[in-house]
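Here are my notes on the model, point by point. Please read them with the structure open.

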Amino acid sequence: MNKYDSEMIRTLLLKENFREVSNIEEANFVFLNTCAVRKNAEKRVLGRLDSLKGLKKEKPEISISVLGCVAKYNKELINHPVVDFVAPPDSYRSLVNAIKTKKKELVPEKYCEQYSDIFTSAFKTSVYLSITRGCNHFCSYCIVPYLRTQLRSRPADDILKEAEKLVAEGANEITLLGQNVNAYYYKGLLFPDILKKVSEIKGLKLLSFLTSHPADLPENLFYVMAKFPIISRYLHLPLQSGSDKVLRKMMRRYTREDYLKIIERARDLMPDVTITTDIIVGFPGETEEDFRQTLKTVKSARFDQAYMFAYSKREGTLASLFPTQVKDSIKKDRLQRLIKIQNEITKSKAEELLGKELSVLTIENGKNGQKVGKTKNGRIIMLPGVAKIGFEYIINIYKINGWVPVGKIKKEADK
Ligand code: 5AD
Ligand code: SF4
């Protein structure tokens, strides 16, 4: 979401005749977009600000703005010696004016800002498009609803306009975004309706979406995913915990069994669906037995990949008030144990692809002169450097590098 917001802010700035420079020494205005979801992300912002002290000393007229969730979470940043502007997520329109006229400001937010009329440009061939902002869930560990406030769905016409513009400018893959993307609702249209509408845009090659909440999946979503080949058969569905007790305390609104049933249904309808997840270990009150339930769930779910985190206490959330916080050493230990088990699953899932022939869209440059490709079910495949970005190829998976499958090109997909 921050990547999309950064593109949106870039669009706002370019409209006002700001010009982008390729290195920070040439800049008169610097913007840091930030994430407050875990303490570590927040710490990194402070580290980055400290590293800007030298630049600010050399060039005192440089204007430095802190954007995003940390700007709302920690308004004290306005007193930081290098910071000129603190701009929370709903304040970017005012920020663009403030930096032209003011010296230092905590930029005021617009209530329930949607930025619906701002259409980003396709700076890459694989782009994001935000269709909802905010979240109504209030999972007890999560700071997001306090910082990005309530869920609002963007008008369908604006989504389509932006998607058409992106494709006309060369985008091949669009990823529809929302903290809880499948809760989209606008004037009778639900998320699968938007997926269908965007999928009809001529020239678009792959349509993905992030992030889905298990309690808000519309009845027909998996049918729509299975039916339209352009829609990526990729589901990022955070589990968070495998213990029903912890899930209840997290206020996730589903049980372990509900979750497993959902992914079973997804796999029934889409045998090649890729499922990834987020998991938190060491949530307040999580016992060894609760944690084992998570391990058990991970083993039976067999996720293609998982993003795993130690619980991080966020002031202002309900869970920060729970008295039974888990010790850091236990959190670390559980995280390592979980990562070890998931890594084996991730590896064996990748190995299942060995020898397979797949259709892959080249999305960007990768390391060591390679290209990065994406399959119709959202799997990342490394491709040889000759693969052209934006082109689709039929490839053969001939080895696994770490956990990443590597493909050999057989031919261009439509030749
Ligand atoms: N501590 C650790 N992880 C968190 N997440 C959200 N809040 C916290 C927190 N306080 C994780 C969740 C979410 C992902 C984006 O970040 O797993 O799905
Ligand atoms: Fe946070 Fe996601 Fe829960 Fe919303 S659904 S409160 S963004 S974890």
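How do the residues of the shell around ligand 2 divide into nonpolar, polar and charged? Point 2 gives the count.

1. Ground rules. This is a predicted model, where local features need pLDDT of at least 70, side-chain atom pairs count only at pLDDT 80 or more, and totals for chains, interfaces and linings use all residues. Residues are numbered from 1 along each chain as its sequence is written, chains are lettered from A and ligands numbered from 1 in the order in which they are written, and side-chain values use heavy atoms, with hydrogens and water left out.

2. Ligand 2. The shell has seven nonpolar residues, three polar and one charged. Here Ala, Val, Leu, Ile, Met, Phe, Trp, Tyr, Cys and Pro count as nonpolar, Asp, Glu, Lys and Arg as charged, and the others, Gly among them, as polar. Surrounding ligand 2 are C135, H137, F138, C139, Y141, C142, V144, P145, Q179, H213 and R252. A residue is included if one of its heavy atoms lies within 4 Å of the molecule.

3. The sheet. Four strands make an open sheet, ordered β1-β2-β3-β4, with parallel pairing. The edges are β1 (29-34) and β4 (105-106), and each pairs on one side only. Strands here are DSSP runs (E, at least two residues), helices likewise (H or I, at least four), numbered from the N terminus. Two strands pair if DSSP finds at least two bridges between them.

4. Inside the sheet. β1 and β2 run parallel and are joined by six bridges. N33 has L67 in β2 as its bridge partner. L67 in turn has A87 in β3 as a bridge partner. Strand β2 (residues 63-68) pairs with strand β3 (residues 85-87) over three bridges, again in the parallel sense. Helix α1 (residues 2-15) packs on the sheet and touches β1 and β2. The direction of α1 makes about 155° with that of β1. Angles run from 0 to 180 degrees between N-to-C directions, and axes are lines fitted to C-alpha atoms, for helices over the stretch in contact.

5. Faces of β1. V30, L32 and T34 form the covered face. F29, F31 and N33 form the uncovered one. In a regular strand, side chains alternate between the two faces of the sheet.

6. L49. This residue sits in helix α2 (residues 39-51). L49 is buried, at 0% relative accessible area. Buried means under 20%, exposed over 50%, and partly exposed in between (1.4 Å probe, protein chains only). Beyond its neighbours within four places in sequence, L49 contacts L32, I64, V66, L77, H80, V82 and V83. Contact means heavy atoms within 4.5 Å.

7. α7 and α8. The axes of helix α7 (residues 156-168) and helix α8 (residues 191-199) come within 10 Å and cross at roughly 30°. A156, I159, L160 and A163 in α7 meet I194, K197 and V198 in α8. By class, that contact has six nonpolar, no polar and one charged residues.

8. Backbone points to check. A cis peptide bond joins L210 and T211, with omega about -10°. T211 lies in the loop between β11 (206-210) and α9 (221-227). K187 is not a glycine, but its phi is positive, near 45°. K187 lies in the loop between β9 (185-186) and β10 (189-190), and is exposed at 69% relative accessible area. N368 also has a positive phi, about 50°, without being a glycine. N368 lies in the loop between β15 (357-365) and β16 (371-375), and counts as exposed at 75% relative accessibility.
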